[in-house]
Amino acid sequence: MGEFFKNIIRIGSALVILLTFLSYLCPFINPEKFPWLSFFGTAFPWLVILNLCFLFFWMWRRDRFVFYHLGILMLGWSYISSLMGVNFGKNIVPENSICIATHNVGAMYYKKGRITKETREKNINTYAGFLLENGMPDILCTQETRGDFYHALAEKMNYPYTFNLQKGTVIYSRYPMEAGGEIPFGETWNSTIWVNIKLDNKKIRVYNVHLESNHVTEDTEKVIEDGELKEEETWDEIGGILGKVGSATQIRAKQAQKLKEHILKCPYPVVLCGDFNDTPNSYIYSILSEQLTDTFREKGFGFGSTYAGAMPFLRIDYILVDTKFKVYGSHRKKANFGDHIPVFTEIGF
């Protein structure tokens with residue numbers, strides 16, 4: 001290998017290490033102050049992959065750079081374990097456990113054109129069958145839910161209790177609901193609702209979260225499918241995507257802070273479900289997961305990606321629970337229901 005080529009690879013290797021270190025800072029820095037930094041947290045899954053590629057390359061070359069990549073990965077192990085479940089033991093789920101699921105179902109109708117009665121019925125029947133085969137959740141939280149879908153699914157699945165405020169976030173339950181409300185986010189279609197649920201002689205509070213979206217799906221698809229980096233228009237598109245991500249992250253930070261304040265005042269054990277639109281390497285996840293158990297980190301196994309859209313490998317959908325709960329299982333159920341992967345967990349006291 002020529003010395004010039006080797007030096008170029010060293011520069012790329014060092015750059016990846018630097019960007020990875022910046023991604024580790026994201027959970028500690030409010031994006032309202034430095035919105036550009038949040039992009040590195042979003043890019044963390046790809047940075048891990050690049051670090052591994054360089055790690056194996058330098059191992060093959062028997063170069064000391066292997067220790068630099070190994071060190072940066074070890075430094076961020078807590079973040080990697082939020083992305084990769086390493087729980088190898090078999091989950092034993094008691095019969096009296098509570099099955100909870102969360103799923104952003106918006107893309108089931110996204111870019112589908114005119115939805116006929118037959119199409120709607122087929123979607124609902126297919127989705128209900130999927131839920132029945134995969135745990136039949138006692139509590140289900142959906143985001144970006146159409147009104148006709150919400151009512152038909154509740155009837156099809158025999159959920160006697162439901163709660164929504166016509167903004168797409170819906171909570172379905174087999175247990176009685178006693179009170180509910182919304183976290184006020186101002187003028188936005190994104191929303192977070194909460195409801196108190198009675199479990200025998202206990203009460204819990206379930207939050208269904210849909211924080212501010214990045215609104216970059218179409219832009220990203222356009223760059224991936226049509227863009228050539230030598231074209232000025234493509235670089236403008238990329239700049240626009242980064243700008244939207246930064247702006248949305250600032251909004252999510254404010255929303256997450258309001259939600260956190262509401263949770264701290266809650267007198268009951270909390271279950272926090274939904275689409276955060278942010279990765280575990282984010283300020284938003286950091287403040288919302290504080291004093292709660294991430295069920296995937298506790299019992300998940302394998303790659304934890306929950307987004308299957310134009311930007312793969314992202315984990316942005318979560319079920320976090322009060323430390324008073326015992327987590328028995330956590331799993332994703334990949335299916336052809338749009339660009340989000342449903343997340344399931346089993347918990348109990």
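# Notebook: strands, helices and a buried asparagine

I began with a pairing: β3 and β5 run antiparallel to each other, joined by 4 bridges. Two strands count as paired if DSSP finds at least two bridges between them. Helices (H or I, at least four residues) and strands (E, at least two) are DSSP runs, numbered from the N terminus.

A note to myself on the source: this is a predicted model, in which local features need pLDDT of at least 70, side-chain atom pairs count only at pLDDT 80 or more, and totals for chains, interfaces and linings use all residues. Residues are numbered from 1 along each chain as its sequence is written, and side-chain values use heavy atoms, with hydrogens and water left out.

**Entry: strand β3**

Then I turned to β2 (residues 98-104), which runs parallel to β3 and is joined to it by 5 bridges. Here Thr102 has Cys141 of β3 as its bridge partner.

How many residues of β3 are buried? I found 5 of the 5, so the strand is largely enclosed by the rest of the structure. Buried means under 20% relative accessible area, exposed means over 50%, and partly exposed is in between (1.4 Å probe, protein chains only). In a regular strand, side chains alternate between the two faces of the sheet. In β3, Ile139, Cys141 and Gln143 are on one side, Leu140 and Thr142 are on the other, and both faces are covered.

**Entry: Asn208**

Next I looked up Asn208, which sits in strand β8 (residues 202-210). Its relative accessible area is 0%, so I wrote it down as buried. What does its side chain reach? One polar atom of the Asn208 side chain lies 3.0 Å from the backbone oxygen of Thr142. The Asn208 side chain also makes a polar contact with the side chain of Gln143, at 2.8 Å. A polar contact is a pair of N or O atoms within 3.5 Å; within protein, one must be able to donate a hydrogen and the other to accept it, and residues adjacent in sequence count only if both atoms are side-chain atoms.

Leaving out residues up to four places away in sequence, Asn208 touches several others, including Cys141, Val170, Thr192 and Cys273. Contact means heavy atoms within 4.5 Å.

Thr192 belongs to strand β7 (residues 191-199), and at 0% relative accessibility it counts as buried. Among the residues it touches are Glu182, Tyr207, Asn208 and Leu259.

I then traced the open sheet of 6 strands, whose order is β6-β7-β8-β9-β12-β10, with mixed pairing. Which strands stand at the edges? They are β6 (177-183) and β10 (292-294), each with a single partner strand, so one side of each has no neighbour in the sheet. From one strand to the next, the twist averages 20°. I checked β6 with β7 as well: they pair in the antiparallel sense over 6 bridges, and Glu182 stands opposite Ile193 in β7.

**Entry: helix α7**

In α7 (residues 147-156), I found Phe149, Tyr150, Leu153 and Ala154 buried. They cover an arc of only 125° around the axis, which puts them on the same side of α7. The arc is that of the directions from the helix axis to the C-beta atoms. His151 and Glu155 are exposed, on the face turned away from the buried side. The cover over the buried residues includes α6 (117-133), β3 (139-143), β4 (161-164) and β5 (170-173). After α7 comes Asn158, with a positive phi near 60°.

**Entry: helix α4**

Helix α4 (residues 65-75) has Phe65, Val66, His69, Ile72 and Leu73 buried. Down the axis, these fall within an arc of 135°, so they line one face of the helix. On the other side, I noted Phe67, Met74 and Leu75 as exposed. The buried residues of α4 pack against α1 (3-25), α3 (44-61) and α5 (77-83).

**Entry: the whole chain**

Last, I looked up the totals. The chain has 11 helices and 14 strands, and 53% of its 349 residues are buried. Among contacts between residues at least 6 apart in sequence, 68% join residues at least 24 apart.

Technical notes. Axes fitted to C-alpha atoms, helices over the stretch in contact; angles between N-to-C directions.
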